[in-house]
Amino acid sequence: MQVIEAKGARIPVLGFGTMTLKEDLCIELVEAALHLGYRHLDTAQMYGNEREVGAGVKRSGIKREEIFITTKVWFNRLAPGDFERSVEESLEKLGLPWVDLLMIHWPNAEIPLAGSIAALCKVKQAGLAKNIGVANFNIALLEEANTLATQPLAALQIEAHPYLDQTKILAAARRHGMAVVGYCPLARGKVPSDAVLQRIGRAHGKSPAQVSLRFLVQQNIIPIPRTSKRERLAENLGSLEFRLSDAEMAEIGKLKRPDARLVSPPQAPQWDN
């Protein structure tokens, strides 16, 4: 699978998001994804499935060095000391000595960012994470994080789909040379019924979901769609088998609307759009 390179990280261009998966289904689908050709798995301590993700990796028989695994530290564990303990717990559950990418999952206005970034960098220096990054930061926090970091911040993870205008934060991440990973790339089920995406999909013999994923891939956004169905794993991989024209990209770009954000919990920062 192709990769996007950023500050030493080599991140496969399409990942498998495991957020809603638990227990045996998680193990089964992680193994299936790896056998299909996925090499990028996204989990987090908050998902409660790191142990199952690790079991799926082990059961697949794929060499650890061939798989890019991301996990994240939840926003209530960002204080120095607690941060490191969270990472140790995650690695124990995953059954791994290190992860490929460790991220701050959400910012926390009650915990100084300087301490959290210092702990993040400390974990990388200790070899527990090959690369580090942040998720769900706005521009101001992203700028502050990059100023504070003594190790390169390789990636930003944000909500990304055809309906949400993330132009400003994308530009900020790229100014810092960071890769961008996009969650909710299918807009939580809104994509399949979209008439524009259906029509463009028909022209390519592809589904609206594949069109949405391809739209992100062609912007160098790394989508991490989640699914509980084995057949969808294969379908999502099909987004790498075709290319949208400039005119099609522009038409999909016009689907953006002001009320499109799907994820904005209480700990969310003030968004830039």
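In this predicted model, if we take the contacts in the protein chain with a separation of 6 or more, 76% of them are accounted for by residues 24 or more positions apart.

The protein chain has ten helices and ten strands. Its radius of gyration is 18 Å, close to the 19 Å that the globule rule gives for 273 residues, and so the chain is as compact as a globular protein of that length. Taken along the principal axes, the box that the C-alpha atoms fill is roughly 55 × 40 × 30 Å. Of the 273 residues in the chain, 60% are buried.

Which residues touch the most other members of the largest nonpolar core? That core has 74 residues, and the ones to look for are F16, L41, F83, L102, I117 and L156. Let us take F83 as our example, and leave aside its neighbours within four places in sequence: F83 is then in contact with V73, R77, L78, L102, I104, S116, A119, L120 and V123. There is also a second, separate core, made of 21 residues, and it includes L101, W106, A179 and C184.

Now please turn to helix α8, which covers residues 208-217. Why can we call this helix largely enclosed by the rest of the structure? The reason is that ten of its ten residues are buried, which here means that each has under 20% relative accessible area. Among these buried residues are P208, Q210, S212 and R214, as well as A209, V211 and L213. As for what lies around the helix, the buried residues of α8 pack against α7 (195-204), β10 (221-223), α9 and α10 (246-253).

For another kind of position, consider G127, whose place is in the loop between α4 (113-125) and β7. Once its neighbours within four places in sequence are left aside, G127 is in contact with P97 and W98. The C-alpha atom of G127 is separated by 17 Å from that of I104, and these two residues are 23 residues apart along the chain.

Rolling a probe the size of a water molecule over the atoms shows where empty space is left. In the largest pocket there is about 600 Å³ of space. Sorted by class, the lining has 15 nonpolar, eleven polar and six charged residues.

What is the volume of the second largest pocket? It holds about 250 Å³ of space. This pocket is lined by 16 residues, with R10, E65, I67, F68 and D100 nearest its centre. The elements that give two or more residues to this lining are β2 (9-12) and β7 (129-135), and the largest share, three residues, comes from β2. By class, the lining of the second largest pocket has seven nonpolar, two polar and seven charged residues.

Notes
Residues are numbered from 1 along each chain as its sequence is written. This is a predicted model: local features need pLDDT of at least 70, side-chain atom pairs count only at pLDDT 80 or more; totals for chains, interfaces and linings use all residues. Side-chain values use heavy atoms; hydrogens and water are left out. A nonpolar core is a set of buried Ala, Val, Leu, Ile, Met, Phe, Trp, Tyr and Cys residues joined through side-chain atoms within 4.5 Å. Buried means under 20% relative accessible area, exposed over 50%, partly exposed in between (1.4 Å probe, protein chains only). Contact means heavy atoms within 4.5 Å. On a 1 Å grid over the protein atoms alone, a cavity is a set of points where a 1.4 Å probe fits but cannot get out, and a pocket is an open set with protein on both sides within 12 Å along at least five of seven lines; lining residues have an atom within 4 Å of a point. Grid points are joined across faces, edges and corners, and a volume is the space filled by probe spheres set on the points. Ala, Val, Leu, Ile, Met, Phe, Trp, Tyr, Cys and Pro count as nonpolar, Asp, Glu, Lys and Arg as charged, and the others, Gly among them, as polar. Helices (H or I, at least four residues) and strands (E, at least two) are DSSP runs, numbered from the N terminus. The radius of gyration is taken over C-alpha atoms; the globule rule is 2.2 Å times the number of residues to the power 0.38.
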